[in-house]
Amino acid sequence: MGKRRRGKQEVTNLTKKQKKHLKEFGEQHPFHDNVVDRPEKTEIVRLPNRPQRREPDSEEDSDGEQQSAYQKLLSTMIQGADDNSEDEESEDEDDGEEVVDENDGEEVEGESGGEEEEEEEEEEEEGDDAEEGETPDDSQDREHPEKTNGDIEENKEGEFTDKQNEAAFCLETNLPAEEEENMGEQEQDMFVKHQEIELSEEEVGRISQGSKIKTQVKWPKLGVLQCVCPLERFKAVGQPSSAPLPPIHKTLEANWHLLNQPFGPEGGAVTEVTELQKELLGLMGTYRDVYFTNRSPLREAKEVRSAYCLHVLNHVLKANTRVLRNNAKLKETKDVNEDFRDQGLTRPKVLILVPFRDGALRVVQTFITLLEPKGKKMDASNKKRFKEEFGEESGERPSNLHRPDDYHAIFSGNVDDHFRIGVSIMKRSMRLYSPFYSSDIIIASPLGLRTVLGVDGDKNRDFDFLSSIELLIVDQADVFLMQNWEHLLHVLKHLNLQPLDSHGVDFSRVRMWNLNNWAAHYRQTLVFSAIQEPQITNILTKHCHNYRGQVCSKTIPKVGSICQVLVQLPHVFQMFHSDSFMDQDARFQFFVDKILPQYRDSVMSHTFIYVPSYFDFVRLRNYLKKEDVSFASISEYSQRSEVSRARHYFQTGEKQFILFSERFHFYKRYTIKGIHNLIFYGLPAYPHFYTEVCNMLQAGVREGGGSVSFTCTALYSRYDTHRLAAIAGADRAAQMLQSKKPVHLFITGEEKNT
């Protein structure tokens, strides 16, 4: 009793600030400990020399001149820091660490992972226990990855500071390496030109209003390029000769030609830089926004990744070298009026968004390949931890999984979709898991960033580290469509905003366009996708305002995927009128009034309805339930038992219809047996999905053995131009859209298509 009473008395004697610290950290602040031992001798630590900041003359500034906009901004930041000093003392937070709420992500919709699949379809029907791919429903129920990967622990004080490497990667305290001291900046380098251009307020207003000059040019490998220029003084891109390879930083000179060195254990010959990579690098070097729509996971994926990784390293190394060289000049100069504006408001310069951990792994592997000196190993801190968390464990995937090649290319390796990692680069070394405010590059998934950015009202949200992003890369944008597109849009909305805190920045080194909140007009955005989609194009039109303009590839295949359908099948394409791309009511009414009544008769059983959008899927499901229609449904949120029952009831004819979502097909690629009639409520986003679904009819023919007449009906509007061209071919799609007839028929499985 005495001990308990004494402990209660000690708690009551604490101040309000001490109680708050005890509640948050489970112990009192060391400052308030009762020290009974002999006090230790105070140790004097000499800090390294920092570049001298230019101190204004207090007498002259106070007496004479009117304050400039820069001085007013600086005074407001200092005043805000003083006002919050008491809170900072009590919470004792480290500004250099990434801030994460332990409860973040609970209300955020999880995303599909496609992690492991069922082995054989026959075993699936018998209820075998083979592991399935992770659906969006699974990612909600699983334990949040940040709790197992150490993200939360990193943010606790002292858990992860990497003090051993902090000094080596600090831009403020480092000076140029010996081999870089005599390397002068190339005045013709587009990196220097792009950052030193000064825009007027009138030009910024024209960019914000959306004034554009459109041109078109054709390149040998990239195909037809549509160029958009918001300002007349920056001309549109011409032929490839007008965009040569950019100057390569000295650190990358030895290895950049090894761009295509294979990463796998099987090895292979190192191929030279391809023509596609040369055109991409030349285009990236102009610092225009680029949208490349032909990134096939089987062909161009590796070339594209290697090209943008080289561009990222080239940009970061040039920026860091410039800062280090100016540090040396600032230390030696005696002219206090000389300005060296070479930094943003925060250090992160590059944001790379990839859908899965395996993509982040391959990006880091490419970085190491390009930076590693000949005959030496790259110094990458926390490399072992990175491989454990981002690599794939052996035996995770069934060995006899039969899926298309593009499926294996997309879902290879670790397919977890919740991650974020900071990377800092300095002097031929790399630091993984660096705190965001000490990082040069941030590699993350949209979901991984969404849980940090939070929403209005969240206490521990943080997005200041995105304030000075100079280079944004969105790789595999088509896969983000199959995850949660809102997460990507949420990230884009928080780019290049004015930070809420100074984070220790030296304002005398900050570029003026950062202080003017014009960073979004200097940011380059690179988007890579396997398909052309209006939602992806909307990224560049609504969220990208680069003063140098945009370049979009517009290559459309002349031969559509319908030519790869092997089943003898009549394809009926029916056009309906729609007022806009987002007008889903017109599609629904056309389906309910014109299409569905034709299949309500029991003779038209075994009808498969393919629905690209999950919102349309829910709407149709509710309608069929209300009308008491015999149907089963399969979506990305369906449990495995529900999928097995639905497939069984549909194959045996107990259910007349089956609703099938596109995202389920993307993550599973199951073959549905027993299909006699196909209805495409909307055209698939991927053209080869149309072929795969049509060829499912062969499975029923092989098992049944009887002759069955098949039908296929596809709905489209004038806003489905890209999807229609990819399926039917560019020439046929143009005729179908311009024709006055709303119905068009194609027959496959014969020598000639009509």
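**View 1. Helices H13 and H14 pack at an angle of about 35°, their axes 10 Å apart.** Axes here are lines fitted to C-alpha atoms, for helices over the stretch in contact, and angles run from 0 to 180 degrees between N-to-C directions. This is a predicted model, where local features need pLDDT of at least 70 and side-chain atom pairs pLDDT 80 or more, while totals for chains, interfaces and linings use all residues. Residues are numbered from 1 along each chain as its sequence is written, and side-chain values use heavy atoms, with hydrogens and water left out. The crossing of H13 past H14 is right-handed (the near helix is turned clockwise from the far one by less than a right angle). On the H13 side, look for Leu276, Gln277, Leu280, Leu281, Met284 and Gly285; they meet H14 residues including Val304, Ala307, Tyr308 and His311 (contact means heavy atoms within 4.5 Å). Sorted by type, the residues of this contact come out as eight nonpolar, four polar and one charged. Gly counts as polar in that tally, while Tyr and Pro are among the nonpolar ones and Asp, Glu, Lys and Arg are the charged ones.

**View 2. Eleven strands line up in an open sheet with mixed pairing.** The order is E1-E2-E11-E3-E10-E9-E4-E8-E6-E7-E5, with helices (at least four residues, H or I) and strands (at least two, E) taken as DSSP runs numbered from the N terminus. Strands E1 (213-219) and E5 (379-381) are the edges, each pairing on one side only; a pair needs at least two DSSP bridges. On average, neighbouring strands are turned by 15° against each other, direction ignored. Zoom in on E1 and E2 (residues 223-229): they run antiparallel, joined by seven bridges, and Lys214 sits opposite Val228 in E2.

**View 3. Helices H13 and H18 both sit against strands of the sheet.** H13 (residues 275-285) lies across E1, E2, E3, E10 and E11, running at about 150° to E10. H18 (residues 446-453) touches E4, E6 and E8, and its direction makes about 95° with that of E6.

**View 4. The largest nonpolar core has 55 residues.** Such a core is a set of buried Ala, Val, Leu, Ile, Met, Phe, Trp, Tyr and Cys residues joined through side-chain atoms within 4.5 Å, with buried meaning under 20% relative accessible area (1.4 Å probe, protein chains only). Tyr308, Phe367 and Ile441 are among the residues with the most contacts inside it. Helix H14 (residues 301-332) gives the most, with nine residues.

Note on methods:
Buried < 20%, exposed > 50% of the residue type's maximum accessible area, 1.4 Å probe, protein only.
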